[in-house]
Amino acid sequence: MILIIGAGLSGLLTGYRLKQAGIPFKILEARNRIGGRINTIYKLNNAPIEMGATWFTHQHQNLIALLHELEIGYFKQFMNNTAFYQSSPTSSANIIQIPHQSPSYRVSDGTSYLINTLYEKLDKNDVLLNQSVKEIKIHHNTVQIIANEVFEGTKVVLAIPPKLWSKKIIFTPNLPSDLLRIAKQTHTWMEDSIKVALNYEHPFWEHENLPSTLFSNSGPITELYDHCNHEKSKYALCGFINSSNNNLSIVKRRANIIEQLKPFFGKKVEQFTTYTDCVWSQEEHTFEPSEDFLFPHQNNGNPIFSNRLFDGKLLISNSETALKFPGYMDGAVYSGNAAAQKIINNL
Ligand SMILES: Cc1cc2nc3c(=O)[nH]c(=O)nc-3n(C[C@H](O)[C@H](O)[C@H](O)COP(=O)(O)OP(=O)(O)OC[C@H]3O[C@@H](n4cnc5c(N)ncnc54)[C@H](O)[C@@H]3O)c2cc1C
């Protein structure tokens, strides 16, 4: 029995590959939902909105290959060649030309459609929610995991960000000290970001020939993009808020955002049908305070994560440990495939 910790993209994919190879496994997930940093919110009559991972490019070939394999569609992020640009809190509504850039893509029907498609392919009894892993004991021939229940297996796959396992899970015997030190200093991509989305009945910005993109140096919103569904029949704007707004109430954040957007989009911006935001620094199964300042992507893809540990009984695998595009969905796919392949080869 292989025990996989974490039902994000990498853990679910490892599970799916093991299932294809006929190898028994269980996925232990701390949250009461699957997907980790992928979380699309679906509400009736609204465009699906992404509170987590959203975009990828043609360079992300591991992710694209998985989408093709699972027959999941994707579409180009809508972006015309203009954007609002706000250089300071008091500056007027400038419209700038955006230089041509290679397109980004979004998963049709939302990124969680990928997560849900993987989950549908698994036996539901093999994915256990509300199992926050606290301790891992590596014995001579077995591994024991202490979560809300105790689990026994032959190998364990750590499909969670290194900063989380290095600071929150007790290992017996101890992990090598250099591995532990680097894991504590490994940045978890977007762990302290705030995502925001506003749904609308009509794309008033299009009717009024306004850009749907906004870049601001002052915030609270720093970036905003068109977030219509792929059929372009349901409408939304979605972007990021400066992470210093994490301590405000949702009501205050919403009020500040509308105040910021009104000079650009006019009063119609107040007529949203739904406001949603997600403060990732309040998500204990994603965010973990760092002891030192970490640069974005610091130690992501460090080769130390690929070292063989405890005679192959402990495998480290998640987006941040990938050798290609670590921190991104593509990295999660790379790692999910690589962990499963190591297990299959070993057996
Ligand atoms: C706001 C935001 C925007 C992003 N935008 C993009 C983007 O546009 N494009 C892109 O490519 N990437 C983006 N990313 C990054 C992308 O989401 C991640 O790279 C990818 O989803 C990581 O998958 P993972 O499986 O490696 O880890 P995670 O998704 O972090 O999954 C880890 C899982 O482990 C669980 N877990 C944690 N601790 C424990 C424990 N002790 N016991 C059991 N389970 C545990 C968690 O609950 C989680 O479900 C974004 C991330 C965020 C937060």
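Two residues are in contact if their C-beta atoms, placed from the backbone, lie within 7 Å. The model is predicted: local features need pLDDT of at least 70, side-chain atom pairs count only at pLDDT 80 or more, and totals for chains, interfaces and linings use all residues. Residue numbers start from 1 along each chain, following its sequence as written.

**View 1. Domain 1 meets domain 2.** On that contact criterion, 19 residues of domain 1 touch 23 residues of domain 2. Helix H3 (112–120) and helix H8 (329–346) each supply at least two residues of the domain 1 side. That side has 10 nonpolar, 5 polar and 4 charged residues. Ala, Val, Leu, Ile, Met, Phe, Trp, Tyr, Cys and Pro count as nonpolar; Asp, Glu, Lys and Arg as charged; the others, Gly among them, as polar. Domain 1 spans 1–38 + 111–189 + 286–347, and domain 2 spans 39–110 + 192–285. These bounds come from an automatic or database domain assignment. The domain centres, taken over C-alpha atoms, are 30 Å apart. Helices (H or I, at least four residues) and strands (E, at least two) are DSSP runs, numbered from the N terminus.

**View 2. The shell around the ligand.** The ligand has 41 residues around it, and Gly6, Gly8, Gly36, Arg37 and Ala53 come nearest. A residue counts as near if its C-beta atom, placed from the backbone, lies within 6 Å. Helix H1 (9–20), strand S5 (55–56), helix H4 (162–168) and H8 each give two or more residues to the shell. By class, the shell holds 20 nonpolar, 16 polar and 5 charged residues. Both domain 1 and domain 2 contribute to the shell, so the ligand lies between them.

**View 3. H1 packs on H3.** The axes of H1 and H3 are 9 Å apart, at an angle of about 30 degrees. Axes are lines fitted to C-alpha atoms, for helices over the stretch in contact; angles run from 0 to 180 degrees between N-to-C directions. H1 and H3 are therefore roughly parallel (an angle under 35 degrees). Leu9, Leu12, Leu13 and Tyr16 of H1 make the contact with Ile115, Leu118 and Tyr119 of H3. The contact has 7 nonpolar residues, no polar and no charged ones.

**View 4. H1 against H8.** The axes of H1 and H8 come within 8 Å and cross at roughly 35 degrees. From H1, the contact takes in Leu9, Ser10, Leu13, Thr14, Arg17 and Leu18. Their partners in H8 include Met329, Ala332, Val333 and Ile343. By class, this contact has 9 nonpolar, 5 polar and 1 charged residues.

Methods:
Angles under 35 degrees count as roughly parallel, over 145 as roughly antiparallel, 65 to 115 as roughly perpendicular and the rest as oblique.
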